[in-house]
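Have it on screen while you read.

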Amino acid sequence: MQTCWIIYNGSLTHDKFLDQALLLKEAAEKKGLQAILVKNYELLMNVHESLSARPDFVVFLDKDILLAKYLKNAGIPVFNDPSVIEICDNKAHQYLELAKADVPMPITIIAPKVYPEFTIMHTGYYEQVLQILQLPMIIKEAHGSFGQRVYLIETREQFFDKVEELKGVEYVFQQFIESSRGRDIRVNVVGGQVVACMHRQSATDFRANITNGGTATEIILTERQKEVAIQAATALNAEFAGVDLLFGENEEPLVCEVNGVAHIRNIYNVTGINVGDAMINYILSKIGAVVI
């Protein structure tokens, strides 16, 4: 019997992280696999010793990138690849790659590195950003999940306060898409194919994330929305991706961001589709196993 490890972060106590792992375990067991849930700290990364036990593959549901690299270095297939998890976890790096592939997205400016004890406040740099993007705009920290560390900046005072607060932090400035205020689409892409999607909407927040109080409903994607979601996942070499699409001018899709460790419970609740089934099928086809 083939074995897979489903790795999640054991330090995060919210049930959603275990729940994510359980959905993947259910999908794996339906295919006759022995699926073992593993908390990231249960694996000792002793770089001088080989693993005492090893699975046929790993589904990596965490952002512990060093652990993912450790397992890959041990010759174990890891999904997503650690390089994908790493680039998706840093939005600044992600936008560089998306732009290189001409993926449609809001106008984005990556903030320069400014050390905490210094400032570039009077150099004219920030005035250039304001002139290009105008207000309101989005300031988004490079690291953050569930819509956290994303700020809607509506006044010059807010703008200058935030850039001073973020000295020493990687972040980006981004065009605010007014036509998508409080609404977006989550698209789950597996192996270059759209497998599930949902429309998210919030009446109280500029972000549509369900974690922030948004609600979700089923949606039928246009061909262009499918094309852009797949293009974004492909640009990052993401075999599994949760692509968030905004509604641009004339409803044209724009990529808000790509999640390399996308949660799948909410989309399951809305659509009845366990994205984990498609993930496991894809992995088995990739490693040459027979898909039941």
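1. Start with the inside: there is one cavity of 30 Å³ or more. The model is predicted, with local features needing pLDDT of at least 70 and side-chain atom pairs counting only at pLDDT 80 or more, while totals for chains, interfaces and linings use all residues. Residues are numbered from 1 along each chain as its sequence is written, and side-chain values use heavy atoms, leaving out hydrogens and water. A cavity here is a set of points, on a 1 Å grid over the protein atoms alone, where a 1.4 Å probe fits but cannot get out.

2. How much space lies in the largest cavity? About 110 Å³, where a volume is the space filled by probe spheres set on the grid points, joined across faces, edges and corners.

3. The lining of the largest cavity takes in 18 residues, with F240, G260, V261, A262 and M279 nearest its centre; a lining residue has an atom within 4 Å of a point. Strand 3 (57-60), strand 9 (183-190), strand 12 (240-247) and helix 9 (275-286) each give two or more residues to this lining. Helices (H or I, at least four residues) and strands (E, at least two) are DSSP runs, numbered from the N terminus.

4. By class, that lining has 13 nonpolar, five polar and no charged residues. Nonpolar covers Ala, Val, Leu, Ile, Met, Phe, Trp, Tyr, Cys and Pro, charged covers Asp, Glu, Lys and Arg, and the others, Gly among them, are polar.

5. Now an open space: the second largest pocket has a volume of about 180 Å³. A pocket is an open set of points with protein on both sides within 12 Å along at least five of seven lines. Among the residues lining the second largest pocket are W5, E42, E49 and Y70, and by class its lining has six nonpolar, three polar and two charged residues.

6. Have a look at S180 too, in the loop between strand 8 (171-175) and strand 9. S180 counts as buried because its relative accessibility is 4% (buried is under 20%, exposed over 50%, partly exposed in between, with a 1.4 Å probe and protein chains only). Beyond its neighbours within four places in sequence, S180 is in contact with L246 and F247, contact meaning heavy atoms within 4.5 Å.

7. Stepping back, 51% of the 292 residues of the chain count as buried. The C-alpha atoms fill a box of roughly 65 × 50 × 35 Å, taken along the principal axes.
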